[in-house]
Amino acid sequence: MTEAGKYAVGTFSVGDTVPPLERRIGLADMVAYAGATWDWYRLHYDPEYVKKAQVPGPVVDGQVFGALLVEQIQDWLGPQSFVHKLDFTFKALVFAEEIVRCEGSVTEVGEDYLVLEQRVVVVGPDGEAARVAAAPARARVLLGTPDGPAAG
Amino acid sequence: MKLLTDEVRALVGSKRVYTAPEEFGGAAGRYFGLAIGDHNPLYSDPEYARAQGLRGVTAPLTLICETNQYANLPIPADGYAGHEWGIEIPGTRKVRGGNSYTFHRRIRPDDVVTATWEITDVTGKTTRSGAEMLIISSKATYTDRNGGLLAENEETIIFVELEGGQ
């Protein structure tokens with residue numbers, strides 16, 4: 001990237017891989033997330049409630065996947081980028097202490113934007129994707145700007 | 001298509017508006033970053049944020065769509081203190097479909113957020129196994145104290161008929 005915050009022509013190509021982001025989501029993280037979002041839904045941390053719901057463990061709040069997908073992009077492209085649009089579809093529940101991995105690649109390159117396809121998978125013991133937690137996911141990212149079009 | 005009743009159709013256009021009782025605050029973004037393991041200094045270091053062209057610290061982008069901070073609602077028995085439409089459909093299970101976010105600018109600690117929720121569509125479908133589904137689409141529009149757009153969040157909630165209507 002140049003000092004003016006612009007990426008040089010040819011920096012990105014369709015098919016480029018976004019460096020993956022991997023994260024173990026522990027129960028303490030989930031409790032912190034509940035506090036940070038003012039969302040104390042008991043399915044995310046309460047063993048009694050979880051048992052009644054007949055699920056294998058506390059369920060990770062699916063919206064955290066959106067946060068991780070943005071983090072993956074921001075970590076890769078740095079502060080002179082802005083995720084303008086992001087959409088994702090939930091596929092499977094994720095449970096406390098599981099490891100998720102955000103994966104992605106470039107599908108479109110514009111003069112001042114990128115379009116990315118992403119997904120969130122649960123990582124199995126062999127490091128492979130054991131199941132898909134969120135997909136498809138798609139992001140449109142503005143380049144050369146730290147903020148969005150309404151920043152003024 | 002018994003789930004898609006006239007009563008359900010009449011939900012389209014329903015609106016709820018919430019205005020936060022105070023400014024968003026810098027700690028909200030820093031705390032959220034800590035909770036999700038995102039240690040980007042944009043959320044904690046005002047000098048760094050200003051060097052990047054921002055007015056100061058901000059929050060991870062999706063926080064505005066994830067937090068219930070603005071709603072100022074009491075904590076119910078199930079713990080969820082955010083916006084809900086209160087739609088209950090017997091004989092179904094409720095699952096989340098997905099989200100579609102548009103971010104117009106980064107949130108600032110002195111922003112006072114207003115969230116306007118609206119039901120935009122209700123659709124009935126049948127699964128391959130023959131069970132009925134009801135898809136409720138909502139949109140939240142987040143604005144600042146001057147009515148400027150901060151973000152939009154479209155989400156779908158799906159009610160799936162249980163086998164045998166149980």
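In the predicted model, A:H44 touches A:L27, A:M30, A:D39, A:P58, A:V59, A:V60 and A:D61, when residues up to four places away in sequence are not counted. The position of A:H44 is in the loop that joins α1 (27–37) to α2 (47–52) in chain A. A:H44 has a relative accessible area of 9% and is therefore buried, the limit for that class being under 20%. One of the residues touched by A:H44 is A:V59, and the backbone oxygen of A:V59 lies 2.6 Å from the side chain of A:H44.

A UniProt annotation from an unreviewed entry, "domain: MaoC-like", covers residues 22–109 of chain A. Over residues 22–109, chain A is 35% helix and 30% strand.

Chain B has 166 residues, of which 52% count as buried. Its secondary structure consists of 4 helices and 5 strands, and the order of the elements from the N terminus is α-β-α-α-α-β-β-β-β. Along the principal axes, the C-alpha atoms of chain B fill a box of roughly 60 × 30 × 30 Å. Of the contacts in chain B with a separation of 6 or more, 69% are between residues 24 or more positions apart. For chain B, an unreviewed UniProt entry gives the annotation "domain: FAS1-like dehydratase", which covers residues 30–151. Residues 30–151 of chain B are 14% helix and 33% strand, and the end C-alpha atoms of the span lie 19 Å apart.

A histidine of chain B, B:H83, was also examined. B:H83 is placed in the loop between α4 (63–66) and β2 (92–103) of chain B. With a relative accessible area of 8%, B:H83 is buried, because buried means under 20%. Leaving aside neighbours within four places in sequence, the contacts of B:H83 are B:R16, B:Y18, B:N68, B:L73 and B:W117. With B:Y18 there is a polar contact of 2.8 Å between the two side chains. B:N72 is 11 residues from B:H83 in sequence, and their C-alpha atoms are 9.6 Å apart in space.

The two chains meet at an interface in which 41 residues of chain B are in contact with 40 residues of chain A. The size of an interface is often given as the accessible area lost when the parts come together. Chain A and chain B bury about 3,400 Å² between them, with 52% of this area on carbon and sulfur atoms. On the side of chain B, the residues that lose the most area to chain A are B:I36, B:E66 and B:R106, which together make up 15% of what that side buries.

Between chain B and chain A the count is 1 salt bridge. A salt bridge joins the side chains of A:D61 and B:R96, with an N to O distance of 4.0 Å. A:D61 is also among the residues touched by A:H44. On the side of chain B that touches chain A, α2 (26–36), α4 and β2 of chain B each supply at least two residues. The largest share, 8 residues, comes from β2(B). By class, that side of chain B has 18 nonpolar, 15 polar and 8 charged residues.

Terms used. Residues numbered from 1 in each chain as written. Chains lettered and ligands numbered in written order. Predicted model: local features only at pLDDT ≥ 70, side-chain atom pairs only at ≥ 80, totals over all residues. Heavy atoms only, no water. Buried < 20%, exposed > 50% of the residue type's maximum accessible area, 1.4 Å probe, protein only. Contact = heavy atoms within 4.5 Å. Polar contact = N/O pair within 3.5 Å; in protein donor to acceptor, adjacent residues only side chain to side chain. UniProt positions renumbered as here; feature names shortened; annotations may be inferred. Buried area = accessible area lost by both parts, 1.4 Å probe. Nonpolar A, V, L, I, M, F, W, Y, C, P; charged D, E, K, R; others polar.
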